[in-house]
Amino acid sequence: MAILDIHQVSLSFGGLKALQNVNLKIEKGSTHALIGPNGAGKSTLLNVLTGMLKPDDGSVMFDGKPLLNVNSFDINQLGIAKVFQTPAIFPEMTVLQNVTIPVFAARDGSFNLNMFEGRSRQRPLIEFAEQQICELGLENHMHSLAGSLSRGDKRRLEMAICLANKPRLLLLDEPTAGMARHETEKTIELLKSMNDGITKVIVEHDMNVVFSLAEKISVLAQGQIIAEGSPDEIKGHPKVIEAYLGEAQV
Amino acid sequence: MITQQNFWQHNKAVLMFALVALTMPLWFPLIGGYSGLDTKIMIFCIFVVGFDILLGFTGYLSFGHAAFFGISAYTTGIMLKNFSDNIIPAIIVAVAAATLVALIIGLLTLKRTGIYFSILTLAFAEMFDSMAMSMLQKWTGGENGLTGMPTPMLFDLKMQGDTVFYFCALMAILLYYLAKRIERSPVGLMMKAIKCNQTRLEYTGINARKYKLLAFVLSAMYAAVAGSLMVVYEPFVGHEFLGWHQSGEIVIMSVIGGVGTLVGPMLGAGFMLYFENVLSVSLGEQWLLVLGVIFMVVVIFMPGGFMEAVARLKKRFFTTIDGE
């Protein structure tokens with residue numbers, strides 16, 4: 001069953017057609033990679049899914065609910081979380097505070113007037129946040145400022161933030177960009193180990209990451225899906241080779 | 001036992017502030033403060049603590065909070081003059097009026113961030129200032145200010161001298177305590193997250209706009225309580241209550257004291273008012289210049305204000321003791 005159904009989505013910036021009649025179905029529980037040369041529309045598509053960009057045409061359904069014209073925070077409350085290309089965290093807060101935010105967001109919804117409730121009195125919630133932090137291997141940084149972490153740890157913290165309000169769909173925009181080899185390996189392992197039924201959509205340039213994680217791959221070029229299939233099918237696909245080599249020649 | 005310990009830890013700052021505030025009539029004259037100035041300091045403590053909920057938590061710098069201070073002061077004056085000399089209904093109506101205005105201004109100004117937000121709030125405050133001087137003159141007294149209020153009463157109690165001081169001090173303690181509670185609540189966490197990374201917050205399922213509006217309205221309510229108490233303290237309202245100078249002074253108090261620490265801005269308010277009213281006498285006409293230099297030194301060398309200095313001193317002394 002498809003958890004996410006993108007149907008005939010088009011979006012232009014001025015004269016540039018960033019997305020053209022994109023159709024994409026993401027299976028529940030699968031890991032789906034989106035690849036393609038620079039400027040193909042991968043990030044644009046993710047931004048449509050998170051409510052940041054409004055497409056000119058088409059529809060997006062998430063678990064039977066329409067996603068267009070819905071606020072970013074409501075989309076997150078529905079169960080879609082996004083990991084950004086550069087780790088998006090709360091740098092002036094401690095690691096624990098960073099992860100406490102989604103935990104309260106999961107309990108209270110997008111807005112709640114509980115102005116006089118002591119956070120520290122909510123032991124089960126704080127413990128859940130601590131557990132999330134430990135699961136991502138940041139237990140030694142529990143009370144460090146998030147901004148002082150290394151890049152890899154910041155990425156891990158961002159994952160902890162995203163996972164703490166139990167999403168059903170996780171969007172990852174180049175999760176290993178700018179990472180050293182061993183950090184990339186660690187991230188791959190982290191994503192592999194996360195097997196509690198979360199559907200993952202990964203935009204990635206690093207083919208090593210794509211082929212070791214994805215069950216299905218869609219290839220975008222110039223705003224269109226030009227190929228779709230299993231990793232083995234994509235590897236030898238003539239259109240894919242053309243799209244990538246075409247870019248290399250320019 | 002644990003809860004008792006928690007109570008002490010959570011409320012240490014509030015209890016210390018209460019101690020300093022309530023004993024003020026005893027020690028303040030010793031350093032040259034006169035009676036009445038202590039009341040004004042308490043009132044401005046309320047103003048800046050509220051302002052810190054907006055500036056310190058969410059990072060939104062308003063240059064128009066005099067609007068809520070002034071609107072509330074005028075409303076209080078008009079209520080005392082025309083309705084009843086009891087301050088309780090006057091304060092309630094004044095705060096309600098300012099809250100309503102804050103809700104509208106907040107909805108409009110919070111669409112923008114940074115300098116645009118600051119300028120918009122300033123423009124709104126100036127608008128109210130000029131309205132008080134023109135079309136609302138009949139009510140506000142225009143250039144002459146609003147005068148002729150009876151002696152304010154707290155039911156049967158005449159609000160004069162020390163009674164006013166203790167009333168304002170108790171209000172300041174209560175409102176500081178509530179601000180601390182807000183800081184420790186989930187709401188406080190969301191407000192502080194706005195300052196850190198608003199995009200991440202929205203992508204974490206939080207409606208940042210509503211929390212910003214809440215912070216804005218809360219800070220306006222604090223400003224309104226302060227404005228109302230100003231009239232109880234001194235039965236006069238001038239249009240300078242609404243002016244940009246008033247808004248600016250609050251910003252300077254906050255920055256000098258330490259934005260985002262709640263107690264810092266109160267220190268800043270105490271320092272500024274003491275400086276303006278007591279030290280200025282011995283410094284003569286140059287006092288504004290000296291204040292300017294102090295402000296610059298603080299901003300350049302201690303961007304965290306007085307509270308940064310306190311934190312540095314603490315660190316120095318405690319590291320030598322603990323050997324860390």
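## The sheet of chain A

In this predicted model, β2, β1, β4 and β5 of chain A form, in that order, an open sheet of four strands with antiparallel pairing. Its edges are β2 (16-27) and β5 (65-66) of chain A, each of which pairs on one side only.

Five bridges join strand β1 (residues 2-13) of chain A to strand β4 (residues 57-62) of chain A, in the antiparallel sense. Opposite Asp5(A) stands Met61(A), a residue of β4(A). Packed on the sheet is helix α1 (residues 42-49) of chain A, which touches β1, β2 and β4 of chain A. The direction of α1(A) makes about 65° with that of β2(A).

## Helix α5 of chain A

Helix α5(A) covers residues 151-164, 14 residues in total. From its first C-alpha to its last it reaches 20 Å, close to the 20 Å expected at 1.5 Å a residue.

Of the 14 residues of α5(A), 12 are buried, so the helix is largely enclosed by the rest of the structure. Among the buried residues are Asp153(A), Arg156(A), Leu157(A) and Cys162(A). Their cover includes β6 (80-83), α3, α4 (123-135), β7 (169-173) and α6 (181-193) of chain A. After α5(A) comes Lys166(A), with a positive phi near 45°.

## The contact between chains A and B

Chain A gives 30 residues to the contact and chain B gives 22 residues. On the side of chain A that touches chain B, α2 (72-78) and α3 (95-108) of chain A each supply at least two residues. The largest share of that side, seven residues, comes from α3(A). By class, the side of chain A that touches chain B holds 14 nonpolar, 11 polar and five charged residues.

Key:
Residues numbered from 1 in each chain as written. Chains lettered and ligands numbered in written order. Predicted model: local features only at pLDDT ≥ 70, side-chain atom pairs only at ≥ 80, totals over all residues. Contact = placed C-beta atoms within 7 Å. Nonpolar A, V, L, I, M, F, W, Y, C, P; charged D, E, K, R; others polar. Expected span 1.5 Å × (residues − 1). Buried ≥ 20, exposed ≤ 12 C-beta atoms within 10 Å, placed from the backbone. Pairing = 2+ DSSP bridges. Axes fitted to C-alpha atoms, helices over the stretch in contact; angles between N-to-C directions.
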